[in-house]
Amino acid sequence: MAEVPSYLSPTGQEIVFLLLGAVAVGAALLVVTTRQLVHAALWLVVCFGALAGCYLVLTAEFVAWVQVLIYVGAVVALLLFGLMLTRAPIGRSADLDSGNRPVAALVALATAALLVTVVIDGFRTAYADLTPGRGAAKELGSSIFRNWVLPFEALSVLLLAALIGAIVLSRTDIRGR
Amino acid sequence: MEPVLAGYGGEMSGYFGAYALVAVFLAIGVAVVAGALFVNRLLRPTRPTPEKLLTYECGVDPVGEGWAQSQVRYYVFTYLYVVFAVDAVFLFPWATVYAAPGFGMTTLVEMFLFLGFIALGIVYAWRKRVLAWT
């Protein structure tokens, strides 16, 4: 265990991490509060980008670029196509609130409280040094193919199920017996 | 990366220095584009007329709304892209380790099992003529 430096003199990395975290939270709030649907998807790009920056600062290099490729690239494209399928107008829409706002806020706060409690309880004042190279593709590869092969294979089945589900839902001529 | 940065000393080399350099270049890129637009706004005259504010559509007056509901079939193509992106992401860590000592044949088979499951989805899409452009 590395020696714990003082919290009162933050390093450059810590300041950048905090700023990126603030950007991520702010963009996430805008995603759920904006009145324009397409803007919500674009704010999601900012949020995911800031999260990728956080990963980079934490030296999780490979995860950061995966975040950019999968979330900023593919998932947001999927969301935008999902929006284009609906009849949603491109401008402001007044009826975006569903009336579940208090319940949704409650669930979000409860989830956040649970996650924060688990992280604080699990790690307390544990301190990990930021060593570049620990998050490289090679380290991740040896971890996946030594310890996490079953989740990796299960993921392929999940992707297959979702792909077939999307095909069946998008076609009207494929029916169950 | 080392030879390029060697002359710059400690500040811009290493993991954080290299990414700081990336951030600096990103900031310069944003500043160039934003600056060009801003200077443009300062220099140009602004005399809007309703005719000028129309959306340009090949020189013909635009018809209808800018929003058109798209077909659901495009969603499957986007989803195929997501599947391939996830697929490609796992190939990178695999490619760095499968030839290393202690991995070998098992790791090779595991990856092809993964690819095989996803290929089943592609075969299904192909058999259901999702990929045909009609």
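This is a walk through a predicted model with a chain A and a chain B, moving from chain B to the place where the chains meet and then on to chain A.

Let us start with chain B. Chain B has four helices and zero strands, and along the sequence its pattern reads α-α-α-α. Of its 134 residues, 9% count as buried.

Which residues of H3(B) are buried? They are B:Val76, B:Tyr79, B:Val83, B:Phe90, B:Pro93, B:Trp94 and B:Val97. An α-helix has 3.6 residues a turn, so residues three or four places apart point the same way.

What covers these buried residues of H3(B)? The cover includes helix H4 (105–127) of chain B, together with helix H3 (61–85), helix H5 (137–147) and helix H6 (149–170) of chain A. That list takes us across to the other chain.

The contact between the chains takes 41 residues from chain A and 39 residues from chain B. On the chain A side, the elements that give two or more residues are H3, H5 and H6. H3(A) supplies the largest share of that side, with 13 residues. Sorted by class, the chain A side has 29 nonpolar, eight polar and four charged residues.

Now zoom in on one pair of helices in this meeting place. H6(A) and H3(B) pack with their axes 9 Å apart, at an angle of about 170°. An angle over 145 degrees counts as roughly antiparallel, and H6(A) and H3(B) are therefore roughly antiparallel to each other. From H6(A), the residues A:Leu159, A:Leu163, A:Ala166, A:Ile167 and A:Ser170 meet B:Arg73, B:Tyr75, B:Val76, B:Tyr79, B:Val83 and B:Val86 of H3(B). The residues of this contact divide into nine nonpolar, one polar and one charged.

One residue of H3(B) deserves a visit of its own. B:Tyr75 sits in helix H3 of chain B. Leaving aside residues up to four places away in sequence, B:Tyr75 touches A:Phe81, A:Gly82, A:Leu85, A:Ala166 and A:Ser170. Why is B:Tyr75 called partly exposed? B:Tyr75 has 19 C-beta neighbours inside 10 Å, so it counts as partly exposed, while a buried residue needs 20 or more.

Next, step inside chain A. Helix H2 (residues 37–57) of chain A and H3(A) have axes that come within 8 Å and cross at roughly 175°. That angle makes H2(A) roughly antiparallel to H3(A). Among the residues making this contact are A:Leu44, A:Val45 and A:Phe48 of H2(A), along with A:Val68, A:Tyr71 and A:Val72 of H3(A). By class, the contact of H2(A) with H3(A) has 19 nonpolar, two polar and one charged residues.

Chain A is also divided into domain 1 (12–93 + 100–135) and domain 2 (136–177). Their contact takes five residues from domain 1 and four residues from domain 2. On the domain 1 side there are one nonpolar, two polar and two charged residues. The C-alpha centres of the two domains lie 23 Å apart.

Helix H4 (residues 101–123) of chain A gives another kind of setting. H4(A) has 23 residues and reaches 33 Å from its first C-alpha to its last, close to the 33 Å expected. Is H4(A) largely in the open or largely buried? The number of buried residues in H4(A) is zero, so this helix lies largely in the open.

Finally, look at two backbone details. Most residues other than glycine have a negative phi. A:Arg124, which follows H4(A), has a positive phi, near 45°. A:Arg124 lies in the loop between H4 and H5 of chain A, and it counts as exposed because it has 7 C-beta neighbours inside 10 Å. In chain B, B:Arg129 has a positive phi too, near 60°. B:Arg129 is placed in the segment after H4 of chain B, and with 11 C-beta neighbours inside 10 Å it counts as exposed.

Terms used: Residues numbered from 1 in each chain as written. Chains lettered and ligands numbered in written order. Predicted model: local features only at pLDDT ≥ 70, side-chain atom pairs only at ≥ 80, totals over all residues. Buried ≥ 20, exposed ≤ 12 C-beta atoms within 10 Å, placed from the backbone. Contact = placed C-beta atoms within 7 Å. Domains from an automatic or database assignment. Nonpolar A, V, L, I, M, F, W, Y, C, P; charged D, E, K, R; others polar. Axes fitted to C-alpha atoms, helices over the stretch in contact; angles between N-to-C directions. Parallel < 35°, antiparallel > 145°, perpendicular 65-115°, else oblique. Expected span 1.5 Å × (residues − 1).
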